[in-house]
Amino acid sequence: RRAPHRQPGLVGRASPRFAAMAVADKIGRPVGAAGGGRGAKVIFDADAFARALKSARDATKPSESEEQQHLADIELWTLALAAAGILLAVRGVISPLAMLAIGYYRYGKFAILAHHSLHGGWGRPRRGWYAQGTYRRIVDWCDWIFPEAWIMEHNKVHHYRLNEDADPDFVERNTSLVQDMPIPVAVKYVVVAALAATWKWYYYASNTLKTLHAKRPGAPQKEELDEPIAISGLFSEAIRGNPWHRALAADLVLRAVGPPLLVNFAFLPVVAGLVHGGGGVPFCWTTFLNLVGAEVVTNLHAFATIVTNHAGADLWWFDGPCKADCAEFYLRAILGSTAYHAGTDLVDYFHGYLNYQGEHHAFPDLTPLHYQRLHPEFMKVCADFGVPYVKEPVWVRVKKTTDIIVGVAKHKRCSGFAIDQPGL
C-alpha cells in the first residue's frame with residue numbers, strides 16, 4: 001500500500017489512524033480496503049474524525065459577551081477606517097492613504113461583517129436584517145454584489161458544492177478563457193493582474209446575480225449557466241437582443257451596481273465639491289480619483305485573500321456532491337481549502353478572517369472569534385487523523401492561484417468519496 005500523498009507546505013503528520021482504521025460509513029457500507037490481508041477493511045475512521053471536529057468546535061465556543069465585544073471591536077475598526085479615509089479623500093489632493101483606508105474599509109465590510117453576518121455567525125436575527133433593503137444595504141454593505149444574490153450563490157451553492165464543476169466559484173473552470181488565450185504565459189499573468197484589480201464589479205456582481213435569474217423563462221441550460229458570466233459577456237448578449245440576458249443586465253444596473261456607483265462615485269465627490277465651493281458643477285475630481293484608487297485596493301486585497309481560498313495545485317477538485325454535515329463534507333472542506341497566517345486580531349482582520357477556510361467550510365455559521373479559537377484545535381485533529389491541512393502565506397497562495405488561472409497548474413482530481421481514498 002502506497003503512503004499518503006504529501007505536498008510541501010502541508011500542516012499535519014501522516015498518522016497510522018488515517019491509514020489503518022477498520023470502519024464502515026454511516027450507512028453501514030464498507031468504505032474501502034487497503035491491502036494487508038484478504039478482505040481487510042482498513043480505512044480512515046471517518047466517523048471518529050467527524051466527532052473530533054465537532055468536539056473541538058463545541059469546546060472552543062466563546063461566550064456571548066465575548067462574541068458581542070469582538071463584533072463591536074470589528075465594527076469600530078471598520079468605521080475608523082471609513083472616517084479616516086473619507087476625511088483624507090475630500091481634502092482636494094490625491095491621497096494614497098485615503099485609498100488604503102477606504103479600500104480596507106470596504107474590504108472589512110465585505111469579507112468580515114457582511115460575510116459572517118449573512119452566514120448567521122452572529123445569530124439568525126442579524127442575518128435576517130443585515131444589508132437587506134435599500135437603506136440597510138447602503139449602511140451595511142454598499143458594494144457591487146447584490147446581497148440576496150450573494151446569499152444564494154455563496155451560502156447555498158458554493159459552500160455545498162465546493163470545488164465541483166457546479167461550484168460557481170471554482171477558479172480553474174471560471175478562468176478557462178484566460179487559459180485558452182493564444183498569448184504568451186507572461187502576458188497572461190498581466191491579464192490576471194488586471195482582473196485582480198477589477199474582479200468584483202467586472203465578474204462577481206453579474207456572476208452572483210445570475211443565480212436569482214437561473215429559473216426564469218429563457219434561462220440558459222445548466223451547462224451554460226454554470227459558466228461564468230462577466231459584465232462584458234452579459235452586455236454583449238443583451239445588445240444582441242437575448243431577453244434573459246437583457247433582464248439580467250437591467251437588474252444588474254438597477255439593483256446591483258447602481259446603488260454603490262451612485263453612493264461611492266457620485267454622491268461623495270459631489271459632497272466634497274460642495275465643501276470646496278467654487279463655480280460650476282460641484283464635483284471634486286480628486287475625491288473621485290481617491291475613491292477609484294480605493295476600489296483598486298479593495299479588489300486587489302480581496303483577490304489575494306478570497307479568490308485564493310480554494311485554488312492551487314495542492315488542493316482538490318471533486319467529481320460530485322456529498323451530503324452536508326458529514327465526515328465527507330468536513331474532509332472536502334479541508335482538502336479543498338487553504339489557510340494563511342492567523343491567530344491575532346490584527347493579522348486576522350487584514351485577512352478578513354478568511355484565513356480559516358477549512359474551519360469555515362466545515363462549520364459555515366461560526367463567528368470570526370470562534371474560528372480564531374478553533375483553529376489550533378482543528379489543526380490538531382487533522383494532524384491526529386493524518387489529514388493534510390494546507391497553510392501558507394497569502395502571497396504563496398496568490399502565486400499558486402495565478403498558476404491555475406493562466407493554465408500552468410491544475411487542481412488534483414478526486415473521483416468518488418475522499419473518505420474512501422486515504423492513499424490519495
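Author: Start with a definition: a residue is called buried when its relative accessible area is under 20%, exposed when that area is over 50%, and partly exposed in between. Keep in mind that this is a predicted model.

Reader: Is Glu392 buried or exposed?

Author: Glu392 is buried, because its relative accessible area is 10%. The side chain of Glu392 meets that of Lys400 in a salt bridge, with 3.0 Å from N to O. Lys400 is partly exposed, with a relative accessible area of 22%.

Reader: What is the general idea of such a pair?

Author: Side chains of opposite charge can pair when their charged atoms come close. The cut-off here is a side-chain nitrogen of Lys or Arg within 4 Å of a carboxyl oxygen of Asp or Glu.

Reader: How many salt bridges does that rule give?

Author: The count comes to 19 salt bridges. One of them joins Asp143 and Lys200, with 2.8 Å from N to O. Asp143 lies in the loop between helix H6 (133–140) and helix H7 (147–157), while Lys200 lies in helix H11, so the pair ties together parts that are 57 residues apart in sequence.

Reader: Are Asp143 and Lys200 buried or exposed?

Author: Asp143 is buried, with a relative accessible area of 6%. Lys200 is buried too, at 1%.

Reader: Which residue forms a salt bridge with Lys399?

Author: Lys399 pairs with Asp403, and their closest N and O atoms are 2.8 Å apart. Both residues lie in helix H20 (residues 394–406), 4 residues apart, which is about one turn of the helix. Lys399 counts as partly exposed because its relative accessibility is 45%, whereas Asp403 is buried at 13%.

Reader: Which residues are linked in a network of salt bridges?

Author: Arg161, Glu164, Glu328 and Arg332 are linked in that way.

Reader: Now for charges on the surface. Which residues gather in a patch of negative charge?

Author: A patch is built from residues with over 30% relative accessible area and no salt bridge, and like charges are joined within 9 Å. Asp165, Glu224, Glu227 and Asp319 gather in such a patch of negative charge on the surface. Take Glu224 as one of its members: Glu224 sits in helix H12 (residues 222–225) and counts as partly exposed at 48% relative accessibility.

Reader: Which residues form a nonpolar patch?

Author: Phe267, Val271 and Val275 form a nonpolar patch on the surface, and together they have about 300 Å² of accessible area. Val275 belongs to helix H14 (residues 243–276). Val275 is exposed, because its relative accessible area is 65%.

Reader: How many disulfides does the structure hold?

Author: The structure holds 0 disulfides. A disulfide requires two cysteine sulfur atoms within 2.5 Å. Cys326 is in no disulfide, and the nearest cysteine sulfur, that of Cys322, is 4.9 Å away. As for cover, Cys326 counts as buried at 11% relative accessibility, and Cys284 counts as buried at 9%.

Reader: What should I look for in the backbone angle phi?

Author: One thing to look for is a positive phi in a residue other than glycine, as in Ala131, where phi is near 60°. Ala131 is placed in the loop between helix H5 (124–129) and H6, and is buried, with a relative accessible area of 1%.

Reader: What is the phi of Asp325, and where does Asp325 lie?

Author: Asp325 has a positive phi of about 55°, although it is not a glycine. Asp325 lies in the loop between strand E2 (316–318) and helix H16 (327–335). Asp325 is partly exposed, because its relative accessible area is 45%.

Reader: One last residue. Where is Pro217?

Author: Pro217 is in the loop between helix H11 (199–209) and H12. Pro217 is exposed, with a relative accessible area of 75%.

Technical notes: Residues are numbered from 1 along each chain as its sequence is written. This is a predicted model: local features need pLDDT of at least 70, side-chain atom pairs count only at pLDDT 80 or more; totals for chains, interfaces and linings use all residues. Side-chain values use heavy atoms; hydrogens and water are left out. Patches are made of residues with over 30% relative accessible area and no salt bridge: like charges are joined within 9 Å, nonpolar side chains (Val, Leu, Ile, Met, Phe, Trp, Tyr) within 5 Å. Accessible areas come from the Shrake-Rupley method with a 1.4 Å probe; for residues, only the protein chains shown count as cover. Lys and Arg count as positive and Asp and Glu as negative; His and the chain ends are not counted. The place of a charge is taken as NZ of Lys, CZ of Arg, CG of Asp or CD of Glu. Helices (H or I, at least four residues) and strands (E, at least two) are DSSP runs, numbered from the N terminus. Buried means under 20% relative accessible area, exposed over 50%, partly exposed in between (1.4 Å probe, protein chains only).
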